[in-house]
Amino acid sequence: MPDMDGSSKPPQISEMFQKFALAFKSKTFEFFADEDPAGAGAAADSYESDGFSLLDSAEEVITGQKVVVIKPDQPAFPKCSPPVGVKKTLSNQETQIRPINTHFSEALISSLFATISSFEASYLQFQTAHVPFVEESVSAADRVAVSHLRKLSDFKQLYREVRKNPNSSLDFPIGSSLEAQVEENQSKLRALETVSNRLQLEIDDKAAEVLILRHNLDKIRKTNLKLSKRLSDYENLSSEVFLSIRVFESILHDACRSMHIFTKILIDLMKKAKWDLDLAANSVHPNIDFVKKGHNRYAFLSYVCLGMFRGFDSEGFGLGGDEVMCNGGGSNLVKNVSLKQLIEHVSDGPSEILKNPNSEFSKFCEAKYQELIHPTMESSIFSNLDRNEIVLNSWRSLSSFSESFVNMASSIWMLHKLAFSFNPVVEIFQIERGVEFSMVYMEDVMRKSILPGKTRGKVGFTVVPGFKIGRTIIQSQVYLTSMKCTE
């Protein structure tokens, strides 16, 4: 049976079992009653005195029966006084597990945490000494960190010695708990100071970068201010510098060159499509006696040039409704808007502008393409191409063709915006068929023809229209008939 004392109460089932055993024993006869009657009586009195007797029934005793007497187990440590030897042994055990002095334990733990905090602070200083690397600072911080580690090792050895011999005299200096706490707080302050110094150093570096960036920003602002003044002066002097006849002639020359390139590509496509070029040239300008075989290319060049310049005398290039005509008129508002559009077109480039299908230049390209290459012509000239060159949706599908068309359209667009930037606006003209050649307004497109005797050539058709800028005339290029070629 387990030992029952006042400090811990046994479970309820065990208690009931003990009561049952005692009650059962009180209802039996002592088997060895003759040998020790006094002992049996004393035992019975003891059970009744403990209050565990449950014998309340009046059952008769059956004689001549042998019964087994059930006795409870004797407690391991009776309530009577133990022997002297046992008491001395317990005293020795108490001496071996005696706890360490409380004051010493508190001081040791406080010193331990203070040393750990000091090591943390010294290790932060050791890290800080590496950036920037200072050899002396690194060595000093390393020595301090190692000293704290050694001190922690000494604390460990001290604790082991105290556990073995609590009464031994200790020479290791350990301050009070308050002193250790003060040392720990000071270490934490040093650690925070190290972190603060590092952050302050980073702040100083960032401040230096900010000063440099502000200095650069001031330079950029001053440069922008100078450029703004120059741009303002440039806009004021645009009529004298930018809006010059030489600039107009230069852009016109680029436009003519781009139209020659596009016409050459178009003729090559017609040849691949098995077109009759003479018949096609006659449909453009009928009944023209070409001076030389192969001059039908000038008819196709005239078709492209006149088509691209159609609507040049209106502000919106014939794409809008109510438009200003360039018959010498034009307001300052139209002039400024056209000049601004010209500058934007030059700055952005045609390829970038075409990314916006709603831009005026994109609409201009679409309209001029539909005017030059109508659907029937497009399906005819592109039907016999290789698969890699077939145009699926529009002129943008064929790189060489689209590139030449965009360059041509861009040159014409810039020339148109430049023409409306002049004051008065540049006028455009073309020569009718049958008019006698005049060197004032006309230029022979072949440039190598001579007059047979005293006969003057007559205009067969206009290839490139002419322009009038104030009193200056830019000649129209025409193809003359009734001429002999020196080639």
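Trainee: Where is the place of N287?

Mentor: N287 sits in the loop between helix 8 and helix 9 (296–309); helices (H or I, at least four residues) and strands (E, at least two) are DSSP runs, numbered from the N terminus. The model is a predicted one, in which local features need pLDDT of at least 70 and side-chain atom pairs count only at pLDDT 80 or more, while totals for chains, interfaces and linings use all residues. Residues are numbered from 1 along each chain as its sequence is written, and side-chain values use heavy atoms, with hydrogens and water left out.

Trainee: What makes N287 count as exposed?

Mentor: Exposed means over 50% relative accessible area, buried under 20%, and partly exposed in between (1.4 Å probe, protein chains only). N287 has 65% relative accessibility, so it counts as exposed. N287 also has a positive phi of about 60° although it is not a glycine.

Trainee: Why is K274 called exposed?

Mentor: The relative accessible area of K274 is 72%, and the cut-off is over 50%; K274 is therefore exposed. K274 lies in the loop between helix 7 (245–272) and helix 8 (277–284), and its phi is positive, about 65°, although K274 is not a glycine. Most residues other than glycine have a negative phi, and most peptide bonds are trans.

Trainee: Which peptide bond is cis?

Mentor: The bond from N423 to P424 is cis, with omega near 5°. P424 is placed in the loop between helix 14 and strand 1 (427–429).

Trainee: Why is helix 14 described as largely enclosed by the rest of the structure?

Mentor: Of its 21 residues, 17 are buried, so helix 14 is largely enclosed by the rest of the structure.

Trainee: What span is expected of helix 14 (residues 399–419)?

Mentor: The expected span is 1.5 Å times one less than the number of residues. For helix 14, with 21 residues, 30 Å is expected, and the reach from its first C-alpha to its last is close to that, at 30 Å.

Trainee: With which residues is L266 in contact, leaving aside its neighbours within four places in sequence?

Mentor: Contact means heavy atoms within 4.5 Å. On that basis, L266 is in contact with V304, I373, M377, I381 and F401.

Trainee: Why are strand 2 (442–444) and strand 4 (458–464) said to stand at the edges?

Mentor: Two strands pair if DSSP finds at least two bridges between them. The open sheet of three strands has the order 2-7-4, with mixed pairing. Strand 2 and strand 4 each have a single partner strand, so one side of each is left without a neighbour in the sheet.
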